[in-house]
Every structure is written in structure tokens, then in C-alpha cells.
2 protein chains.
Amino acid sequence: MREVAVIGVGMHKWGELWDMSLRNMFLLAAHNAIADAGVDHIDSMYVGCMSCGLFAAQEHIGSLLADYLGVTPIPAMRVESACASGGAAVRLGWMEVASGISDIVLVGGVEKMTDITGDEATFTLSTAADTEWEGYQGVTFPGLYAMMARAHMEKYGSTMEQFSLVSVKNHANGTLNPYAQYPFPVTLEAVMNSTKVAEPLRLLHCSPITDGAAAAILCPLDLARQKFKNHPLTVITGSGMATDTIALHSRADLTTIKAATIAAKKAYALASVGPRDIDFAEVHDCFANAEVMVTEAIGFFEAGDGGPAVQRGDTTRDGKLPINTSGGLKSKGHPVGATGVAQIIEVVEQLRGEAGKRQIKKAHRGLAQNMGGSGGSSVVHILERR
Amino acid sequence: MREVAVIGVGMHKWGELWDMSLRNMFLLAAHNAIADAGVDHIDSMYVGCMSCGLFAAQEHIGSLLADYLGVTPIPAMRVESACASGGAAVRLGWMEVASGISDIVLVGGVEKMTDITGDEATFTLSTAADTEWEGYQGVTFPGLYAMMARAHMEKYGSTMEQFSLVSVKNHANGTLNPYAQYPFPVTLEAVMNSTKVAEPLRLLHCSPITDGAAAAILCPLDLARQKFKNHPLTVITGSGMATDTIALHSRADLTTIKAATIAAKKAYALASVGPRDIDFAEVHDCFANAEVMVTEAIGFFEAGDGGPAVQRGDTTRDGKLPINTSGGLKSKGHPVGATGVAQIIEVVEQLRGEAGKRQIKKAHRGLAQNMGGSGGSSVVHILERR
């Protein structure tokens, strides 16, 4: 197994982009990643996308995007694990480079979510849950995460103020991210009094619906050392993926995300590190309580201490363990298939020392945790500066 | 890179299965593959599926199917390359085992196509083409393949009788396949006089809409030799994938399938063989002329000789190079995400000498060619008996 470097990253301004199609957005991100890396070709491509069929009436986007990117006949396929599709694409690219099958692999993600109505988008997103037992019964994602929030509050005494402070922190970080969909600050009061969505969750606890793409270029570390010296080197040292029951009713415990725990354990083992060795992380804050639950599940805080940790300021940019310096899904936006790749991009930019106004002081080793559905799947990567 | 064996295969009777859901079908195929292999666990899973979103309102089927198969928390993801999704799943499983990342990997495919109307299914399938430039202009797949058929007839003098004989041959093979959707013979006259679909293609030149699943179990050859001795050993010796322009109008030549040519070249190179070393093959006969075009594209026959080869009987079960002994997509059915895995299963059963009444005499090395859209992607695998 070869060590795998991330030599290029590419994003664009995310938002409600009515003047850009799925292919336009992906090309923009991919071109930026290719330019950032300085590569003159790609050997293979993986694209994470949750539901280009329901959102954009377009499947077969491996072929479509290889075609429009002008890189046919390389192998290119789409990979899907709901909102963890981007993380899954990174994992496959890592596997292909690590195994020696290909040298230069583009891993990307894209989702074009605003060409259908809000109701249709809510339905489409619900297909990441168990359609027969959840979606068709009217339980959509705010409802699922609301149940998890209630269970966490009941078991550990977590408060809505703690969850709300996640949104406040992530929006504060997002103000410094030029690509964020909603780069404005929000106050605790605004979050706690925003429109009710699914009790106890309110609008400003929920990540938005977003059009966006993200891309990164992977290659063997040796090749990166020889040829691609545009940036300080960053390496994927750990990768883990795990699944759990897709439906919430099948879980023994609603207060944790078992798939994240197991995916993180695998990634830690591969990287020969533990949660205390991580300097900062991007985690999947699709809802404010998800960030709290995940930071507990992957060992950053004891179970029940995730909420208090936010209140103590441990997870701010100058806290002990900065979480979601990019603004997270909440402020940066959540084009579901692209999110997992964008998380990797933030980690890489922080490791490189190229995160601009968002740059944190200690950034030697970062983690990215991507999640599908209500935790039916999770992908975790660990990256280090070399 | 480790050599990868296929130690178990599982199918079920395909058809218009109104009493079975996507998850039911997949579990049936997966259980059959697990029992066939004799494994007591799985390390990882890839599921090929083109459009569970549009066909069945269910994405995130990696999590769903791992859950219902009772194998969580293993990594499980869906992979999509339109009708080549099954082949793509096999390729990823091969990569994961070959690289040493996992030992026992389930690769499966599934598509539940008949829960929506025929019109809706036609639209859903059209999302494998370029939606903006083809689907939204009213060009669906019979129309795309009809244009390719016309071009081939114009350039090489291929005849509708030659194309029709593909359907006759494949239905004859399908009568011997207990899992085939349409296991009945058709006469040349019946094919040539069947209902017009898109000139010059008629109903019996087109593969059907099908509910179905297929699964196979992969492991390192060494492990297979030590532990899994239920069947004669079969090994994946070649794997290749390639893309081409997704839209037909962007191609320089409509009479060939460039992605199939390149995917096959890669697979031949990896297996250190050429087309003349292949004893038999499953190829992607989504339309009768596709089989002719593919057998030329992957080097079995000279360009323009694919039609005459059918007429000479070269591709029958007792011909020089038997093609689609399973009945092909035409008679066995075409649940798009499952097809690529089912092709591998037929090759494995022939190599093992376990193909029952379909068994051919010389089956030492077989090839499976799977295709997405009108050739926007193709995956080729070569398998050998050990």
C-alpha cells in the first residue's frame, strides 16, 4: 500500500445557483483542483453524488462529467452513500492510488438541489432514510434528528442553548469562508427564536439546501514529492467507513452515532493515532445536535460532554479542538454529494497553512467525518502535513 | 496486488416481480451467493444500481442492504455507471481484494424497475443518456440505438436479419436458464415482424424492463484455495473500465463502441491475453445491434463482420465463440444495476462446468462486457478457471 497525498483542491462559491447546472459546477471545482495541483492529466475519477436522478434527472454522471471535463476515456464512476457520498468518493480514490492501480485520481462531489421545489427536495432527501419505514410515514430528516436531539437531552441533560451555540460558532467561522453559502453571523438569540422546523429543532439548527461541487486530486506521496510541489504536502493517513441500521427505530441507542464511532476507530488504527492526537476536525453538522453527537461518537469528548464542550468554547477556532472551521454544513452549505469532499478540502487548506482568515494555529493533523442519512453510514479520513 | 477469486454466486428468478421489493430481491441473491461460497462473514460490500431514486424512491442502499442483510457495520456503498453499475461494483470489489484492504467482499447489483409506469421507466432510463441534449429532446434509448443500427447498416451492410438472429440465438439460450425473465424461443419471423419501437428496431430487438438482483463473493485466491473449496476455482485475471462521450452526437463514429474497445484492451493487457484467447463471453445486448457492435469493438470479429458472424452461427452455444449463453439481456432480462454482476455469474458457472443445460464444451477463459448508456461507459472483466 502506497501513501497517498492530496495535491490539489478545488471549490467554488456555493449557494442557490440558478445560473449553473450540475455539470457547470463540477467543472468549475474540478478545474480549480487541477490547476491547484498542477497536473496535466488524470488517470481515474470518482464522483460522489446522492441523488442526481431525483434532483436533476441525470444519472450516469461518471461518463457525463468525464466527457465535459475532457478526460475520456479514463475510468469514471459515481459513488453514493447519501450525504456521505463525497467521503466515499475520497475513500475509493485513496484505495485506487494506495493499491497502485492508478497514480493521479480526481475525487469529486456534486449536488444540484435547487432545480426542484422545496417540497420535492425534502422528499428527495428523505430517500436517504428508510423510505418504506420512515419517508413514506412522513418522517423526514429534521424529524429524525429532532428525535435524536430529544434523546440526547433526556439522557445527558444537553440543552438547546448548547446545540444553538454550534450554529453560532459555525456561522462565525463561515463569515471567513469566501465559498460559504451563508457567510453571515447569527446570534444565540436569533438561533433560539428562529422558525420551528421539528421540535426542538429550529431553522437555524438545520443545514440548508445548496447547489455546489468540490474536487481534490490524489497521487502517491512519492510522486507528489518529485513532481507536485505547489503546496506543503498533505497525506491521507487514515480512512474508515462503517454502516449502521438505516432506520432510526432499529437502533438500540439514539444518543450516539455508532457508524461514526466505528469508521473513526478504523481510521485511527490505520493512522496509528487516537482522538487526542487530532488537532482539528470537520464533522457532519447537518443539524446542530449532530455535531455534538459526532464529536462524542468519535472520541473527542466523553458521551454527554459534547454540549458542555461547545459551551466552554473548546470547539471554536482558538479553542482546544477547533471543529468546522470552514463554517460546517450549517454556514458553508450542504450540497449533499459534495460535502464530504469539501470537508477534506478544509482540512487540507488548514494543514497547508492556506486557510486565510480561518487559519488555526496548530494544524498538523486533521480529521474529516462525513455521514449518510441519520447515521446509516459514515466515512472518516485523517490527514497529516508532511 | 493479490489474485482475486470468485467463490460464490447468487441469482434468483428475474421478471416483473410485484410481490418483491428492492431489498427482498437483493437479500435473495446475496443469501444465495453467501451459501454458494460458504463464507461466514463479509468484510465489505459494493452494490451496483442505476436509479433506485427514480425507480424506487430509495437512495442510500449501501446502508439499507447491509442493514437488511445483517452485516452492519461493514463498509457498504452503492456505485453507479448507468447500466454498467454492476460491472463497476465488481471492479471495486476486485480492487479492494487485490489491494489487500479486505478479504471477503460481496459485489452485487439490483434494480426494481416495475413499480413505476412504463412511461416513467422510459424516462428514468433516459437519464443514462445526456438529459439536457438527448432525454429532454425526446430521444430515449431505443432511438439512440436505432441511430447506431442505421449507421452500422449503412457503413458495413449489416442487415436486420443479422440483428434479428441475435435475438433468436439469445432467446434459444434463455430457454435453458431457470432465472430468465423470458425463457421462451422466438423465431426469426416473429422478431422481424414484431411491433415497431424505433425504426429499424422492433420490440424483439429490445431488452425488457426487469426486476432483479445478482450477487457474487470475492476473496484472495490463496484464501479460496485454503478454505473455500465448494466449486472449481475461478479467478478474475483482467479488469478494465473506460468512458466515452455520454451523448451520441459528440462521437466521431456511431458504428463502434469506443469505451468497450478501451476497457477490453485494459482487461486483455492485465490478463496478458488477446481476444483470440477468449473461449466465450457475455456482452451487453441491450439492443440486438449492440451485441454485434460490441463483439466487433472488443476484437472478437473484424469491424463489419459481427453481423455475418451471427449469421454463420459463430456465436451460438456450439459455435466458435459462444456469446450470451445466459440468454443475454434480451431473454434473461435487464434489471440495469444487476446486469453486470449477472454476466460475471454466467461466466463463473460456465468456467466451473456448472451451467447445466447451457454448459458449453470449452470454457477455460471467459469475458464479461457491461455497458452504460449508449456506450458512455463500459466495464470488461476476464475470468479464468484455475
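Predicted model: local features only at pLDDT ≥ 70, side-chain atom pairs only at ≥ 80, totals over all residues.
**How the two chains relate**

Start with the big picture. In general, two copies of a chain are related by a rotation about an axis and a shift along it.

Strand β3 (residues 76-80) of chain A and β3(B) run antiparallel and are joined by three bridges. Two of the cross-chain partners can be named: A:E80 is paired with B:R78, while A:V79 is paired with B:V79.

β3(B) has a neighbour inside its own chain as well. Strand β2 (residues 44-48) of chain B pairs with β3(B) in the parallel sense, over four bridges. In that pairing, B:Y46 stands opposite B:M77.

Is β3(B) enclosed or open? Five of its five residues (76-80, chain B) are buried, so β3(B) is largely enclosed by the rest of the structure. In a regular strand the side chains alternate between the two faces of the sheet. Both faces of β3(B) are covered: one side has B:A76, B:R78 and B:E80, the other has B:M77 and B:V79, and all of these are buried.

**Two domains inside chain A**

Now for chain A by itself. Chain A splits into domain 1 (4-117 + 210-234) and domain 2 (136-206 + 237-385). Their C-alpha centres lie 22 Å apart. The contact between them takes 39 residues from domain 1 of chain A and 37 residues from domain 2 of chain A.

On the domain 1 side of this contact, β1 (4-10), α4 (85-98), β4 (105-111) and β7 (212-220) of chain A each bring at least two residues. α4(A) gives the most to that side, with eight residues. By class, the domain 1 side divides into 22 nonpolar, 13 polar and four charged residues.

Helix α5 (residues 118-126) of chain A has buried residues at A:T124, A:L125 and A:S126. The buried residues of α5(A) pack against α2 (52-56) and α6 (141-156) of chain A.

**One buried glycine**

A:G328 sits in helix α13 (residues 328-332) of chain A. With 32 C-beta neighbours inside 10 Å, A:G328 counts as buried. Leaving out residues up to four places away in sequence, A:G328 touches A:N170, A:D285 and A:E291. A:I116 is another matter: 212 residues separate A:I116 from A:G328 along the chain, and their C-alpha atoms are 24 Å apart.

Most residues other than glycine have a negative phi, and most peptide bonds are trans. These spots go the other way:

| Site | Feature | Angle |
|---|---|---|
| A:E199 and A:P200 | cis peptide bond | omega about 5 degrees |
| B:T72 and B:P73 | cis peptide bond | omega about 10 degrees |
| A:A82 | positive phi | phi near 50 degrees |
| B:N324 | positive phi | phi near 60 degrees |

Where do these sit? A:P200 is in the loop between β5 (196-198) and β6 (201-202) of chain A, and B:P73 is in the loop between α3 and β3 of chain B. A:A82 belongs to the loop between β3 and α4 of chain A. B:N324 lies in the loop between α12 (306-312) and α13 (328-332) of chain B.

Definitions and conventions: Residues numbered from 1 in each chain as written. Chains lettered and ligands numbered in written order. Buried ≥ 20, exposed ≤ 12 C-beta atoms within 10 Å, placed from the backbone. Contact = placed C-beta atoms within 7 Å. Pairing = 2+ DSSP bridges. Domains from an automatic or database assignment. Nonpolar A, V, L, I, M, F, W, Y, C, P; charged D, E, K, R; others polar.
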